[in-house]
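Visitor: I would like to learn how to read a structure like this one. Could we go through it feature by feature?

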Amino acid sequence: LAAALGHRSVVLVGLMGSGKSAIGRRLAQSLGLEFVDSDTEVERAADMPIPEIFARYGEPYFRDGERRVMARLLTGGPRVIATGGGAFMSEDTRARIKENGISIWLKADLDVLWRRVRKRGHRPLLHSADPEGVLKTLMEERYPIYAEADIAIISQEGPHDAVVEDLLATLQ
Ligand code: S3P
């Protein structure tokens, strides 16, 4: 399978809490490919954590960095790329993914996402009086766009192994 990908990367998209990084890491291991995470790469390039990028420079600056990081990660593949939840909303990034990757949408229900993200404070978009409401709005805005991904897989509650198995079977 890794050989069949050629230079194309496997790109995981979906909302915060859908399991992109954890699933991506395991998938990369199964496929014998390098794993990269766009959030980590943006933090490395800016030399500061994401909440600080948002606080000091604002979201558009973050999005610009994210777009440039995605362009770089999509050349010289194949690798498994976990994207930040907003990365696929960029038309430029979607076009590059179409050209250089296979996109996989990890789809999950609101209650599953909410249970996974509620205890962790590193996501600036959820620094709100009503973070669950924010998540719901993001679902409504983004699901029609995530639906443009090549493959959709349901990311359920519980261990990620089943999702990784599903994905491997679908990619064969
Ligand atoms: C964001 C998701 C985050 C991170 C940033 C913005 C979003 O990544 O990129 O906080 O717009 O959905 P995860 O999806 O990995 O949490």
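Guide: We can begin with a loop. Aspartate 47 sits in the loop between helix H2 (38-46) and helix H3 (50-57). Bear in mind that this is a predicted model.

Visitor: What is the phi of aspartate 47 near?

Guide: The general idea is that most residues other than glycine have a negative phi, and most peptide bonds are trans. In aspartate 47, phi is near 60°, a positive value in a residue other than glycine.

Visitor: And the peptide bonds? What kind of peptide bond joins glycine 77 and proline 78?

Guide: Glycine 77 and proline 78 are joined by a cis peptide bond, with omega about 10°. Proline 78 belongs to the loop between helix H4 (59-73) and strand S3 (79-82).

Visitor: Which residues make the contact between H2 and H4?

Guide: H2 contributes Ser38, Glu41, Val42, Ala45 and Ala46, while H4 contributes Phe62, Gly65, Glu66, Val69, Met70 and Leu73. Sorted by class, the contact of H2 with H4 has 7 nonpolar, 2 polar and 2 charged residues.

Visitor: At what angle do helix H1 and helix H8 pack?

Guide: Helix H1 (residues 20-31) and helix H8 (residues 161-171) pack at about 50°, and their axes are 10 Å apart. H1 and H8 are therefore oblique to each other. The crossing of H1 and H8 is right-handed. On the H1 side, Ile23, Arg26, Leu27 and Ser30 meet Val163, Val164, Leu167 and Leu168 of H8. The contact of H1 with H8 consists of 6 nonpolar, 1 polar and 1 charged residues.

Visitor: How do the axes of helix H6 and helix H7 cross?

Guide: The axes of helix H6 (residues 110-117) and helix H7 (residues 131-146) cross at roughly 135° and come within 10 Å. H6 and H7 are therefore oblique to each other. Their crossing is right-handed. Leu110, Leu113 and Trp114 of H6 meet Glu132, Leu135, Lys136 and Met139 of H7. This contact of H6 with H7 has 5 nonpolar, no polar and 2 charged residues.

Visitor: Where does leucine 5 lie?

Guide: Leucine 5 is in the segment before strand S1 (9-13). With 18 other C-beta atoms within 10 Å, leucine 5 is partly exposed. Leucine 5 and valine 80 are 75 residues apart along the chain, and 11 Å separates their C-alpha atoms.

Visitor: Last, the ligand. Which residues are around the ligand?

Guide: Around the ligand are Met16, Lys20, Asp39, Ile50, Gly84, Gly85, Gly86, Arg123, Pro124 and Leu125. The shell around the ligand divides into 4 nonpolar, 3 polar and 3 charged residues.

Conventions. Residues numbered from 1 in each chain as written. Predicted model: local features only at pLDDT ≥ 70, side-chain atom pairs only at ≥ 80, totals over all residues. Near = placed C-beta within 6 Å. Nonpolar A, V, L, I, M, F, W, Y, C, P; charged D, E, K, R; others polar. Axes fitted to C-alpha atoms, helices over the stretch in contact; angles between N-to-C directions. Helix = DSSP H or I, 4+ residues; strand = E, 2+ residues; numbered from the N terminus. Parallel < 35°, antiparallel > 145°, perpendicular 65-115°, else oblique. Left-handed = near helix turned anticlockwise from the far one by under 90°. Contact = placed C-beta atoms within 7 Å. Buried ≥ 20, exposed ≤ 12 C-beta atoms within 10 Å, placed from the backbone.
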